[in-house]
Amino acid sequence: MWAYLVRRLLYALPILMGVNLLTFALFFVVNTPDDMARMQLGVKRVTPEAIERWKVERGYDKPLFFNESAEGGGQLTDTVFFDKSLRMFVFDFGAADDGRDIAREIQQRMGPSLAIALPTFVLGLFVTVSFALMLVFFRATPLDFWGVVMCVAMMSISSLFYIIGGQWLISKVWHLVPISGYGGGLDAPRFLALPVVLGVIGGIGSSTRWYRTIFLEEISRDYVRTARAKGVSELTVLFRHVLKNAMIPILTGVVVVIPLLFMGSLIIESFFGIPGLGSYTIDAIQAQDFAVVRAMVFIGSVLYIVGLILTDLSYTLVDPRVRFE
Amino acid sequence: MIEHGFETVVLWTDACFFLLLGAFAVGALHAWRRPHLRRSWARVGERPAGMAAMVVLLVFLLIGILDSLHFRAALPPTAGQTETVYATEVTSVLDVVMHRQRTDVERTYSAPLATHAFVKETVELPDGGQRRDFPRLVHGGAHLEDAAQDHGADIASRLMRGAAVGVGLSLLAAAVLSVFNGGAGRLIRGQTQLAWRSAWLTWSIVAVVAGMLLSLAQGYHVFGTDKVGQDVFYLTLKSVRTALMIGTLTTLVTLPLAIALGILAGYFGGWVDDVIQYLYTVLNSIPGVLLIAAAVLMMQVFIANHPEWFATAAERSDARLLALCFILGMTSWTGLCRLLRGETLKLRELEYVQAARAFGVPTVRILLRHVLPNLMHIVIIALVMDFSGLVLAEAVLSYVGIGVDPNMASFGTLINAARMELARDPMVWWSLAAAFVFMFVLVLAANLLADVVRDAFDPRAG
């Protein structure tokens, strides 16, 4: 297994390198640092000195790939590409526009992000899988039909509506929980309840339908018919046979998301004022803080690749036929 | 407004949109000629949900087309002028149809169908004194002499008139459909081959609702006005075009990339496959929103640094919309590409492809004649299914600040502008409600159609 893991990690390297090159091209080649400076300082009234200062502050004043004025190894390391791109592999992201260290900021904000994303994920998985199993249990009845209709309707509602509507109804009309904000310790559940519930509701439509399709595909297999013929009750068939065998497609979609939970949810965090990575990203996008966006892109892809590896590992847990070669 | 002639303007998105419509028309003609494709589309039409969804989508499409026919009106000639001068403002046919809603701007917020403003202002009294009160709106309900007394009756009579027009349209449609389907009885009992009854019922609802809205809109702001006093009904209808553009133009980028790369990777295998797989794994591993954000940020820098490329504000926001579609396309072709690659891998081993290869048919011909047509069902299903997701994504992206130009009417900008106003007391809810309801209807119709299309085209289903 360790050999397999090492090999997978080695495979991940060229992909991360690709991500790195792509972001570098996006941020430094499509537009030169001069362009970015002009944009940030206001296009009309900007002096060459101001541009130069802006570039020096951020370390964008060096050559992109090759520094002729430096000596020895410095020719390759004293460049924008090395400083801004390659350093990310050791999680050194430099400083944001407000001067704070991005890596530290990310560490601090992971907690609040997880506090929202993890309960949303677990609760959402439980609710949608149970709901889908219920629809499958009552398949080809009016309950199933109207359940699917409800799912399609819920899928068609914008996620913004759930959040805005929920905030308005629960917090403003019923005064059940604060409208936004975040607190640690015992105070946290009060702030977290609404975003978690809204996050779960927002995902019900599409996830339930997806799980229902998977279960329906599984339930028409021969082994299910055999089980029924032996007199196994429908509930046992559902939980013991269908659910277990549907685990592979479910895991494929689910496990890959788990590492990304660290990134938090962009919209929910920003609506509820939760100081997590999602709101950090949104603030950075709105303030056009390129360094932060670049760092988040890199971290996102690292987490995604971790997710892919976890997915493969998880297969061995649910299906003894899967082995590492 | 166009009494002095006009000059047509074709924005880039208009050109792409009509190009796409043309391609759809060609595709439809092609499908009509092939019995097996015709049968698949007929299966879509046999389902009531499919017909209903298509009627709704066609109405939205009509709004989008009207709003995509752009021109610049000529200014009234002045003395001694030899050449016609055109307005710098680009207007669309929809703007002409809704001229009243476009120009009748209030000072600030007003509730739907209101005659008085939403916030108190200092009003001059006839005797010279002053009072804090809700002033009368400049346009909304301005035809009423006694607003308090006539308001309800006027709305009721307008509703009746609008509904009557709607019922008339519905009866007309029923008559036309009856002629083509062998009598009204068969239509009403639902005994037609295609689900015409469902189409007719949907059309009737749309006609009655549209009739009432339009008849009310002649005297009031049906959905109220926004912060700067613009008519929300007008803005909502303008948003439809943006949503359609995002949902459809994106495919102009996705399809060629996904089809070409998917087929190449699947058919040739080897290093071609490796390179293409590497490409989409890299793109896939960046979380979608972040990649879009990064690309849009860079596009903003680019547009800000090249103001000389865009003569008018309309051109700039249009370029931004097109670029957004391009970016969305570049980030979303990977899923379809992977599907097509897998399917091509399967097709490549089938006997008829093997036979064609053994006979020495050129590779290009094999790909075009034997592989591509057998992938089309996947492409069509993916096309329809992506549409609703893209429309929903636009709203979220605009909220994050990486969507369409803030000056362009879209569901996202409407929601974004209105969401802070929920904190007001009393609340300003109408912009949000209008945007959400229209978006819901559009996306629901698209989702229903996607379901029906998938059932009809997927060979594995039933």
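**Two chains in a predicted model**

In chain A, the centres of domain 1 and domain 2, taken over C-alpha atoms, are separated by 41 Å. The domain assignment, whose bounds come from an automatic or database source, places domain 1 of chain A at 31–90 and domain 2 of chain A at 109–318. This is a predicted model, in which local features need pLDDT of at least 70 and side-chain atom pairs count only at pLDDT 80 or more, while totals for chains, interfaces and linings use all residues. Residues are numbered from 1 along each chain as its sequence is written, and chains are lettered from A and ligands numbered from 1 in the order in which they are written.

**The sheet of chain B**

- Chain B holds an open sheet of three strands in the order β1-β2-β3, with antiparallel pairing (strands are DSSP runs of E with at least two residues, and helices are runs of H or I with at least four, both numbered from the N terminus; two strands pair if DSSP finds at least two bridges between them).
- Because β1 (6–9) and β3 (91–92) of chain B each have a single partner strand, they stand at the edges, and one side of each is left without a neighbour in the sheet.
- β1(B) is joined by four bridges to β2 (residues 70–73) of chain B, and the two run antiparallel.

**Where chain B touches chain A**

- In chain B, 37 residues are in contact with 42 residues of chain A, contact meaning that the C-beta atoms, placed from the backbone, lie within 7 Å.
- Elements giving two or more residues to this side of chain B are α10 (270–285), α11 (288–305), α15 (376–400) and α17 (430–457) of chain B, and α11(B) gives the most, with 12 residues.

Technical notes: Contact = placed C-beta atoms within 7 Å.
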